[in-house]
Every structure is written in structure tokens, then in C-alpha cells.
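Here is a quick walk through one protein model, written for someone who likes to see the contacts spelled out. Have the structure open while you read.

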Amino acid sequence: MARIFITGSTQGLGLAAARALIAQGHDVVVHARTAQRAGDLGEVAAEAAGVVVGDLSVRAETLALADEVNELGPMDAVIQNAGVYTEQRRIATPEGHARVLAVNVLAPYLLTAKLARPSRMVFLTSGMHRSGTASLDDVDWLARQWEAYQAYSDSKLLVSALAFGLARRWPDVASNAVDPGWVPTRMGGPNAPDDLEQGHLTQVWLAAGEDDAARTSGGYWYHQRRREPAAPVRDPAFQDAVIDKLADITRVVLPK
């Protein structure tokens, strides 16, 4: 039995993963952005090992969330599921960051830096990362004219590189990126063509699977099969540059 923390687990893929892992007998800590959303968890909240609340677009709440999870005890696995899709304008966080960057990239980085180190980490990405811009000159969209799909693609390129960089830096941790496909969740929309059931199975398997393949690290996965990510994701220099940039933006250095 494993202890697993899942961000963004009140609906969609995060909720499906939580239900599947609880059904397998694991202790699952679920996360909600607000107390109201936590109240909507119903039977999942009753069956979970804990429910934590925090807005991942807000630095202080993200750091407090890490503290709260640490108080519940070390996790065996963390699934970084929470995410923001396309926003038609640049919405700024209290710290002035683009919300897409804050939720999709800065929060996973901060949680990774502040949580007691698990043995497995799963980062949700997207096939749209292949359209991401590998330049780190304006990751926060302060100079560029806002483009919703590009901002999302950029964020998924960055978080994929983070997952691969951690796999290289932390050999004792199995760190992987998962493309769940374009599935009919609230984020994906009702007409999304991929299999909703398949959308959460890979992260569940990587977080708690006992076979050798589930214990590997540094993979980009789609429906339990490895795929090649965009070239920058596999580039150690780009991985290090991304981690350095995130350390600079958040003012938090990733532990050795």
C-alpha cells in the first residue's frame, strides 16, 4: 500500500486517478483549490487519507499546501495533475505571473522543492508541448503579445523538461511525464476524441504499479507506452536551464 498525493483531484483526471488508487487500497491525499470544491468530493473525501486545500496560482498557498502535505507524512508518490488550459487573456496571479505558468509550471516546481522527496513523481503534460517555445527569454509573457494556445504549449514543454531534469538529477526518484491524451473532461471538452478511461490509467500505474516498467524513470508516456517527447525535453542543457529559470522566478532552489 502506497501513500499518494494528487494535485487537482476534485474533478476530471485527478478525481478518476484518486478513485482508482483508493479502490486499489492505497492511501490517497486529495487536493482542492478551494474549501467549496473540497466539499464537493463526497465519498472520495470520506475514503481519502486526507484532503488539502490551496490555490496553486498563489505562491503562499502553494507553499502552505506543501507544509500541510508534509505534516500528513512522507508520500511514496506525487501526481502533479492540476493544470490550467487556454486562457484568452493573460490573467495575473497575486505575484504578477501569468496564471497558466503559475499553475502548470511554478506550482509543480515549488511542490517538488518543498515536499518530502517521494520515490515516484508523475507530471501531467500534453502533446501540445511539441509546439512549445524552447526560448526562456519571456516565459512569463511580459513582453510577448499573449497567445492562449502558445502559452499553454510553452507551459507543458517546461513541465516536461522539469520531469526529465529531475529524473537525471535525482536517480533515486522515478520521475516521468504523462500525456493523458485529449480526453472529454471539463478541460478537454465534451467532443475530445480520446478514451477517458485511458486518460488516468498511466499516472495510476506509474504512481503505484509493481511491474518493472512502472518503476522506470525519465519517460514520456501515453497510454502506458513510451513515446518520444520534443527534442528540447531530452536535452540536459535545456532541462538545467529550465530548472535554473524556475529557481530564479520562484526564489526557491531545488534541493540536491
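Predicted model: local features only at pLDDT ≥ 70, side-chain atom pairs only at ≥ 80, totals over all residues.

A residue is called buried under 20% relative accessible area, exposed over 50%, and partly exposed in between.

**The tyrosine cluster**

A search of the whole structure turns up four aromatic pairs. The rings of Tyr 85 and Tyr 149 have centres 6.3 Å apart and planes at 85 degrees, so that pair counts as edge-to-face. Tyr 85 sits in the loop between β4 and α5 and Tyr 149 in helix α6, so the pair ties together parts that are 64 residues apart in sequence. Tyr 85 also forms an edge-to-face pair with Tyr 152, at 4.8 Å centre to centre and 90 degrees between the planes. This pair, too, links distant parts of the chain: Tyr 152 is in helix α6, 67 residues from Tyr 85. Put together, Tyr 85, Tyr 149 and Tyr 152 make one aromatic cluster.

**Charges over rings**

Which arginines have their charged end over a tryptophan ring, and at what distance from its centre? Here are two:

| Charged residue | Ring | Distance to ring centre |
|---|---|---|
| Arg 117 | Trp 170 | 3.7 Å |
| Arg 144 | Trp 141 | 3.6 Å |

**The sheet**

Now for the strands. Strands of a sheet pair through backbone hydrogen bonds, either parallel or antiparallel. In this model, eight strands form an open sheet with mixed pairing, in the order β3-β2-β1-β4-β5-β6-β7-β8. At the edges are β3 (50-53) and β8 (225-226), each pairing on one side only. Inside the sheet, β4 (residues 77-80) runs parallel to β5, and four bridges join the two. Gln 80 has Phe 123 of β5 as its bridge partner. Helix α6 packs on the sheet, where it touches β5, β6 (174-178) and β7 (220-222), and its direction makes about 165 degrees with that of β5.

In soluble globular proteins, nonpolar side chains tend to be buried together. The largest nonpolar core here has 41 residues, and Tyr 109 and Leu 158 touch the most other members. Elements that each supply at least two residues of this core include α5 (99-114), β5 (120-124), α6 (148-169) and α8 (236-250). Which element gives the most to this core? That is α6, with 10 residues.

Leaving out residues up to four places away in sequence, Tyr 109 touches Leu 162, Ile 243, Leu 246, Ala 247, Thr 250, Val 252, Val 253 and Leu 254. There is also a second, separate core of 26 residues, with Ala 20, Ala 48, Ala 77 and Leu 206 among them.

**A histidine in a loop**

One last stop is His 223, in the loop between β7 and β8. Is His 223 buried or exposed? With a relative accessible area of 19%, His 223 falls under the 20% cut-off, so it counts as buried. Its contacts, again skipping residues up to four places away in sequence, are Asp 179, Pro 180, Gln 198, Gly 199 and Thr 202.

Methods. Residues numbered from 1 in each chain as written. Heavy atoms only, no water. Core = buried A, V, L, I, M, F, W, Y, C linked by side-chain atoms within 4.5 Å. Buried < 20%, exposed > 50% of the residue type's maximum accessible area, 1.4 Å probe, protein only. Contact = heavy atoms within 4.5 Å. Pairing = 2+ DSSP bridges. Axes fitted to C-alpha atoms, helices over the stretch in contact; angles between N-to-C directions. Phe/Tyr/Trp six-rings, centres within 6.5 Å; stacked < 30°, edge-to-face > 60°. Lys NZ or Arg CZ within 6 Å of the ring centre and 35° of its normal.
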